[in-house]
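Keep the sequence and the 3D view side by side as you read.

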Amino acid sequence: MERNNLYPIFLKTVQLEVLLVGGGYVAEEKLRFLAKSSPDASVTIVTPMIRKSTLEVAKRIGAKVKLKKYRRKYLKGKQLVIATTDVPAVNETVYRDCRKKHKLVNVADNPPLCDFYMGGIVTKGNVKVAISTNGKSPTTAKRLRQFFEEVIPDDINKMVLNLNSYRKTIKGDFEQKVDKMNEITENLVNSN
Ligand SMILES: C[C@@]1(CC(=O)O)c2cc3[nH]c(cc4nc(cc5[nH]c(cc(n2)[C@H]1CCC(=O)O)[C@@](C)(CC(=O)O)[C@@H]5CCC(=O)O)C(CC(=O)O)=C4CCC(=O)O)c(CCC(=O)O)c3CC(=O)O
Ligand SMILES: NC(=O)C1=CN([C@@H]2O[C@H](COP(=O)(O)OP(=O)(O)OC[C@H]3O[C@@H](n4cnc5c(N)ncnc54)[C@H](O)[C@@H]3O)[C@@H](O)[C@H]2O)C=CC1
């Protein structure tokens, strides 16, 4: 069976610089999901035209907007780049410029021109689940996201914080702590 070999990481977007190229519907969708998961992300948008609804999301997360056409110079200082323009040649240029400069790039909705994919994301307090279908079915990623939003209890964060506090009270070395933490959480997965 074909299998997903992508490696998920949880980026500290607050200390990274993201460049979003384009300000239309696709830009808005990508920005909305980024803002939902990481409202503290540091984002710059470069686009000669930005739609009203995209601008609203941009303002909400304090993104900088440059009303200019994409140029290579806008990559300076950026680590993650997302290209969403309606001009394929521009998206391809962004992709090539990023590869040359070793920056991670996503050309939205264009899997071959992506170093990384955006995923379906569920956030409940400190808990976050990210979902990928290896680029095969974004709709499945969306449905799975909705499913996990339903089934993961809203108060899971309380449990996480309780376990965090409890761990500090356990005496012993690292191994003893691990044993104890495993013991008291055993029923979370064997709840029959
Ligand atoms: C490869 C990837 C690259 C990337 O963009 O990062 C990609 C690619 C493509 N998306 C397309 C379309 C749609 N995308 C969505 C939705 C989402 N797409 C997202 C991610 C990804 N989309 C990456 C793979 C993720 C994975 O591995 O599963 C999500 C999860 C996250 C996000 O966008 O932030 C977000 C759901 C968020 C949520 O709800 O939680 C919907 C559903 C809807 O809107 O109802 C549709 C319409 C249905 C359809 O057309 O299938 C098309 C066809 C375009 C065309 O028609 O040509 C392509 C190109 C192709 O598949 O070839
Ligand atoms: N809207 C959708 O649901 C889908 C769109 N697509 C494709 O995605 C692409 C983008 O679609 P939309 O966001 O709907 O288009 P859009 O017309 O809403 O937005 C395009 C954006 O690209 C910007 N742009 C154009 N040239 C630029 C340049 N040189 N530098 C920087 N920004 C530039 C424009 O100013 C505009 O903000 C299109 O190619 C479309 O075919 C694919 C699947 C679904």
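Ligand 1 is surrounded by 21 residues, and the closest are Phe 33, Met 118, Gly 135, Pro 138 and Lys 142. A residue counts as near a molecule or strand if its C-beta atom, placed from the backbone, lies within 6 Å of it. H1 and H4 are the elements that give two or more residues to this shell around ligand 1. H4 supplies the largest share, five residues. By class, the shell around ligand 1 holds eight nonpolar, eight polar and five charged residues. Nonpolar means Ala, Val, Leu, Ile, Met, Phe, Trp, Tyr, Cys and Pro; charged means Asp, Glu, Lys and Arg; the others, Gly among them, are polar.

All of this comes from a predicted model: local features need pLDDT of at least 70, side-chain atom pairs count only at pLDDT 80 or more, and totals for chains, interfaces and linings use all residues. Residues are numbered from 1 along each chain as its sequence is written, while chains are lettered from A and ligands numbered from 1 in the order in which they are written.

How confident is the predictor? The protein chain has a mean pLDDT of 95, and 99% of its residues reach 70 or more. pLDDT is the predictor's confidence in each residue, on a scale from 0 to 100. Where pLDDT is low, the predicted coordinates should not be read in detail. For the complex, the predictor gives an ipTM of 0.92 and a pTM of 0.92.

Turn to ligand 2. Its shell has 20 residues, with Gly 22, Gly 24, Tyr 25, Val 26 and Tyr 70 the closest. Helix H1 (residues 25-37) gives the largest share of this shell, three residues. The shell around ligand 2 divides into 11 nonpolar, six polar and three charged residues.

Now the chain as a whole. The protein chain has six helices and seven strands. From the N terminus on, its elements run β-α-β-α-β-β-α-β-β-β-α-α-α. The protein chain is divided into domain 1 (13-118) and domain 2 (156-189); these bounds come from an automatic or database domain assignment. The centres of the two domains, taken over C-alpha atoms, are 40 Å apart. The C-alpha trace spans about 60 × 40 × 30 Å along its principal axes.

Of the 192 residues of the protein chain, 21% count as buried. A residue is buried if 20 or more other C-beta atoms lie within 10 Å of its own, exposed if 12 or fewer, and partly exposed in between, with C-beta atoms placed from the backbone. Among contacts between residues at least 6 apart in sequence, 57% join residues at least 24 apart. Contact means that two C-beta atoms, placed from the backbone, lie within 7 Å.

Two loops deserve a look. His 102 lies in the loop between helix H3 (88-100) and strand S5 (104-107). Its phi is near 55°, a positive value in a residue other than glycine. Why does His 102 count as exposed? Because 8 other C-beta atoms lie within 10 Å of His 102. Lys 101 is in the loop between H3 and S5. Lys 101 counts as partly exposed because it has 13 C-beta neighbours inside 10 Å.

Asn 134 sits in the loop between strand S7 (127-131) and helix H4 (138-151). Phi of Asn 134 is near 65°, a positive value in a residue other than glycine.

Notes. Helices (H or I, at least four residues) and strands (E, at least two) are DSSP runs, numbered from the N terminus.
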